[in-house]
Amino acid sequence: MSSYKSDFLRELEIRGFIHQTSDAAALDEIAATRVLTAYIGYDCTAPSLHVGHLMQIMMLRWLQKTGGKPIALMGGGTTRIGDPSFRDEARPLLTDEQIDSNLAGIKAVFSKFLTFGEGKNDAVMVNNRDWLDELKYIDFLRDYGRHFSVNRMLSFDSVKMRLEREQNLSFLEFNYMILQAYDFVELNRKYGCELQMGGSDQWGNIVNGIELARRTSGAQVFGLTSPLLTTSSGAKMGKTASGAVWLNADMLSPYDYWQYWRNVEDADITRFLKLFTELSLDEIERLGKLGGAEINEAKKVLATEATAMVHGRAEAEKAAEAARAAFEEGAISADLPTVETDQLGGGLGVLSALVQAGLCASTSDARRQIKGGAVRVNDQQISDEKMVLTPANLTSEGVVKLSLGKKKHVLLKPKG
């Protein structure tokens with residue numbers, strides 16, 4: 001049962017999204033009686049968001065589904081500095097062209113989760129560069145910088161960690177928390193935004209915004225954070241041995257995305273179904289009780305529902321069918337990830353092929369997997385690490401099927 005009366009906070013609490021809130025009772029009252037406007041900021045440090053961002057995107061989605069108005073704030077301005085929170089060193093500075101390109105890639109995912117438009121609870125997307133680029137810096141410091149205590153800023157865990165490790169914290173980065181606080185004030189003024197949400201590592205920055213709004217305009221605004229998301233074994237969500245689990249299809253195929261969720265740890269199934277799908281809590285409870293071999297059916301439901309959220313129902317079902325065919329029938333499916341190469345004609349060593357296909361991180365890793373009996377070529381286990389792939393290895397479909405274990409398959413296809 002939930003302690004909240006508003007649909008929004010009740011849904012977030014029951015599903016496990018809430019870590020910290022400021023003045024929860026007052027926030028709950030607003031969410032229960034009128035349209036609550038809330039935002040989450042996303043810096044443009046890569047061409048796509050990844051699974052680690054998904055929890056916050058789902059919070060915006062639940063806000064809209066329960067009658068609130070979401071704001072997706074693109075950090076076109078703050079990305080020029082880089083958020084120093086809980087980082088050992090500064091992010092590399094990006095050019096304006098790189099930031100704009102990344103922003104374009106990130107924008108695409110939000111239309112999958114939110115409805116944008118002019119309605120009272122339609123989502124809006126804004127870019128903080130629109131106001132940060134216009135600041136007259138001395139005037140800004142005089143009007144807003146005076147409300148920040150350097151003593152207090154130095155007390156934040158995110159700052160103390162860098163200082164204690166004797167890692168440089170530049171004055172440029174030190175300004176980030178002031179600018180993020182100002183974003184909240186600006187969004188409150190322009191859009192009536194009353195809530196900032198984010199991951200638990202953003203709590204200090206969010207509190208700064210709450211206090212700056214109170215001191216400069218007397219506005220009461222709120223903060224809400226989600227817990228740090230890790231797997232049951234303690235691994236950080238959104239990362240795998242082969243890299244980040246991206247949300248954009250051009251950076252990670254729907255099939256590989258489906259496989260990521262299919263392979264989650266057994267102990268995480270119920271929690272992830274609550275966070276990353278919209279299945280009813282009764283259905284989630286039923287799936288969470290499955291044991292033995294049946295637990296794999298729950299994982300397939302999680303994988304299909306989570307993939308449908310990002311890539312659409314049709315792509316999710318194609319990925320599920322491709323996985324079933326590859327696993328149950330040993331079949332070659334056109335929906336499996338495909339990598340083109342121009343090296344088959346002259347002969348391509350299987351170690352290099354496994355690296356090119358993204359199945360192994362290095363040739364030494366590939367050699368280790370072959371010795372362990374985990375590698376198959378066209379569904380035949382191989383033991384010769386010196387094997388060379390040539391056109392003679394092409395199947396009737398014109399591809400070479402590389403497999404690592406039972407669940408990872410890639411088609412190698414000649415270019416041209």
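Colleague: Where does Val-35 lie, relative to helix H2 and E2?

Modeller: Val-35 sits in the loop between helix H2 (24-33) and E2. A word on the source: this is a predicted model, numbered from 1 along each chain as its sequence is written, with pLDDT of at least 70 needed for local features and 80 or more for side-chain atom pairs, while totals for chains, interfaces and linings use all residues. Side-chain values use heavy atoms, leaving out hydrogens and water. The helices (H or I, at least four residues) and strands (E, at least two) are DSSP runs, numbered from the N terminus.

Colleague: Is Val-35 buried or exposed, or something in between?

Modeller: The cut-offs are under 20% relative accessible area for buried, over 50% for exposed, and partly exposed in between (1.4 Å probe, protein chains only). Val-35 has 29% relative accessibility, so Val-35 counts as partly exposed. Taking contact as heavy atoms within 4.5 Å, Val-35 touches Gly-67, Gly-68, Lys-69, Lys-120 and Glu-194, leaving aside residues up to four places away in sequence.

Colleague: Now the sheets. In what order do the six strands run?

Modeller: In general, strands of a sheet pair through backbone hydrogen bonds, either parallel or antiparallel. The working rule is that two strands pair if DSSP finds at least two bridges between them. Here the six form an open sheet, E1-E6-E5-E2-E3-E4, with mixed pairing. Strand E1 (20-21) and strand E4 (124-127) are at the edges with a single partner strand each, so one side of each has no neighbour in the sheet.

Colleague: And which helices pack on that sheet?

Modeller: Angles run from 0 to 180 degrees between N-to-C directions, and axes are lines fitted to C-alpha atoms, for helices over the stretch in contact. Helix H10 (residues 176-191) packs on the sheet, touching E2, strand E3 (69-75), E4, E5 and E6, and makes about 145° with the direction of E2. H11 touches E1, E5 and E6, at about 170° to the direction of E6.

Colleague: What should I look for around strand E5?

Modeller: Cover, to begin with: five of the five residues of E5 (residues 195-199) are buried. E5 runs parallel to strand E2 (residues 37-43) through two bridges, where Tyr-39 faces Gln-196 of E5. E5 also pairs in the parallel sense with strand E6 (residues 222-226), over five bridges, and there Gly-198 stands opposite Thr-225.

Colleague: What handedness does the unit made by E5, helix H11 and E6 have?

Modeller: Point the strands away from you: if the path from the first strand over the helix to the second runs clockwise, the crossover is right-handed. E5, helix H11 (residues 203-217) and E6 make a right-handed β-α-β unit.

Colleague: How do the axes of helix H12 and helix H15 cross?

Modeller: Under 35 degrees counts as roughly parallel, over 145 as roughly antiparallel, 65 to 115 as roughly perpendicular, and the rest as oblique. The axes of helix H12 (residues 254-262) and helix H15 (residues 295-311) come within 8 Å and cross at roughly 140°, which means H12 is oblique to H15. Residues making the contact include Tyr-257, Trp-258 and Trp-261 of H12 and Leu-302, Ala-303 and Ala-306 of H15.

Colleague: Which residues of helix H13 are buried?

Modeller: In H13 (residues 269-276), the buried ones are Ile-269, Phe-272, Leu-273, Leu-275 and Phe-276. They pack against helix H1 (7-15), helix H3 (51-65), H12, helix H14 (281-288) and H15.
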